[in-house]
Amino acid sequence: RQKLIKSFTSTSNLVEPAFEEVVVIWRPLPPKPPQKLQLPDSVYKLAKTLTLESRLPPKQPPSPKPKTPPLEIRAFSQVPMANLLAILPKTKLLFRPTDAILFDLVNVVSLSVILASQKTDSAYLDILALGSISLWIVRTFVKYSNKQARYDLLVNKFLTLRMEHRNQGALEYVSNEAAEQRAMRASLLHEWLIRQQVQQTHSLYDLHLTKCQILRHGCTGVNQVLQQARSTTDTQAQEYEPVYADVDIGTALDDLVDLHLIRFDEEESLVEVKDYNMAEVALQSTWVNLFQKET
């Protein structure tokens, strides 16, 4: 009973499901070309058949095609799922007029005056009924307009608070995030390959992973490495179910080959996986070569 009574007075935190990041990319429609008034083509064909085309005004050339507008990019953060449509371009949010109709004292007085005018034949009550209805209509319209303005202001404020980047800034942000994800994907695969190499050195058989085996089992291995890293850094991660990440192993494998961190032979067997020290040296040389090419 004490817990039940305390539950009425205790504070509760309501967590609304939301997207951590949302990137919206769209291209606006090109403006419509102005329509030119001219006779239809059938009239010109008929005039040409009757040799009367000289009496018709000359045909106007077609309007040039409008230029394609550039892409628009917006990056938002912490967007509640219920408000996802608000960040989409050209979304018209509907505001129901019934939300502005309030049955308050004026509505009750108007209804009573109207009913009284129907039962009694009085011109004075008819004038009061007409005035009350007019007042009620004006009041409802004003309330609706005010609520509509406050609603639009709330939507604009929400977009301003949630927007993190736009256009060029959003493009740079997305590029940096993609590069970071690419580097993380390659580093996780490299970590898993190092562990596989260590296991092979302690085994009695001299077996080498093939490229086909890495493509088949690499995603599972990368997820195991990721879950182990999360469990060691976050104590609360053990309370939740593991999330399986769909990793593009083929692209990560190509990145490791381009960075000279792994090497395959002619039979596509893995023959070399550089350890952490050698990998650091290889990455430094790759950066130096890249800067030398740009300069």
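**Exercise 1. Pairing in the sheet**

Task: In this predicted model, find the sense in which strand S2 (residues 72-80) and S3 pair, and over how many bridges. Then place the strands in the sheet.

Solution: 
- Step 1. S2 and S3 run antiparallel to each other, and 3 bridges join them.
- Step 2. Widen the view. The open sheet has 3 strands, ordered S1-S2-S3, with antiparallel pairing.
- Step 3. Strand S1 (18-26) and strand S3 (163-166) are the edge strands; each has a single partner strand, so one side of each lacks a neighbour in the sheet.
- Step 4. From one strand to the next, the twist averages 15°.

**Exercise 2. The largest pocket**

Task: State how much space lies in the largest pocket. Then work out which helices supply its lining.

Solution: 
- Step 1. The space in the largest pocket is about 500 Å³.
- Step 2. Its lining has 18 residues; nearest the centre lie Ala183, Ala186, Asp255, Leu259 and Leu283.
- Step 3. Assign the lining to elements. Helix H5 (168-202), helix H7 (249-258) and helix H8 (276-294) each contribute at least two residues.
- Step 4. H8 gives the most, with 7 residues.
- Step 5. Sort by class: 11 nonpolar, 3 polar and 4 charged.

**Exercise 3. The second largest pocket**

Task: Give the volume of the second largest pocket. Identify which element gives the most to its lining.

Solution: 
- Step 1. About 220 Å³ of space lies in this pocket.
- Step 2. Inspect the lining. Among its residues are Gln181, Met184, Arg185, Leu188, Val222, Leu226 and Arg230.
- Step 3. H5 and helix H6 (211-233) are the elements that give two or more residues.
- Step 4. H5 gives the most, with 4 residues.
- Step 5. The class count is 6 nonpolar, 1 polar and 4 charged.

**Exercise 4. Serine 187**

Task: Is serine 187 buried, partly exposed or exposed? Also locate it relative to valine 222.

Solution: 
- Step 1. Serine 187 belongs to helix H5.
- Step 2. Its relative accessible area is 41%. Buried requires under 20%, exposed over 50%. Serine 187 is therefore partly exposed.
- Step 3. Valine 222 is 35 residues away along the chain, and the two C-alpha atoms are 9.5 Å apart.

**Exercise 5. Confidence**

Task: Which elements have the lowest and the highest mean pLDDT?

Solution: 
- Step 1. Start with the whole protein. The average pLDDT is 78, and 78% of the residues score at least 70.
- Step 2. Helix H3 (residues 105-119) has the lowest mean, 60. H7 has the highest, 91.
- Step 3. Apply the rule: where pLDDT is low, predicted coordinates should not be read in detail.

Terms used. Residues are numbered from 1 along each chain as its sequence is written. This is a predicted model: local features need pLDDT of at least 70, side-chain atom pairs count only at pLDDT 80 or more; totals for chains, interfaces and linings use all residues. Side-chain values use heavy atoms; hydrogens and water are left out. On a 1 Å grid over the protein atoms alone, a cavity is a set of points where a 1.4 Å probe fits but cannot get out, and a pocket is an open set with protein on both sides within 12 Å along at least five of seven lines; lining residues have an atom within 4 Å of a point. Grid points are joined across faces, edges and corners, and a volume is the space filled by probe spheres set on the points. Ala, Val, Leu, Ile, Met, Phe, Trp, Tyr, Cys and Pro count as nonpolar, Asp, Glu, Lys and Arg as charged, and the others, Gly among them, as polar. Buried means under 20% relative accessible area, exposed over 50%, partly exposed in between (1.4 Å probe, protein chains only). pLDDT is the predictor's confidence in each residue, from 0 to 100. Two strands pair if DSSP finds at least two bridges between them. Axes are lines fitted to C-alpha atoms, for helices over the stretch in contact, and angles run from 0 to 180 degrees between N-to-C directions.
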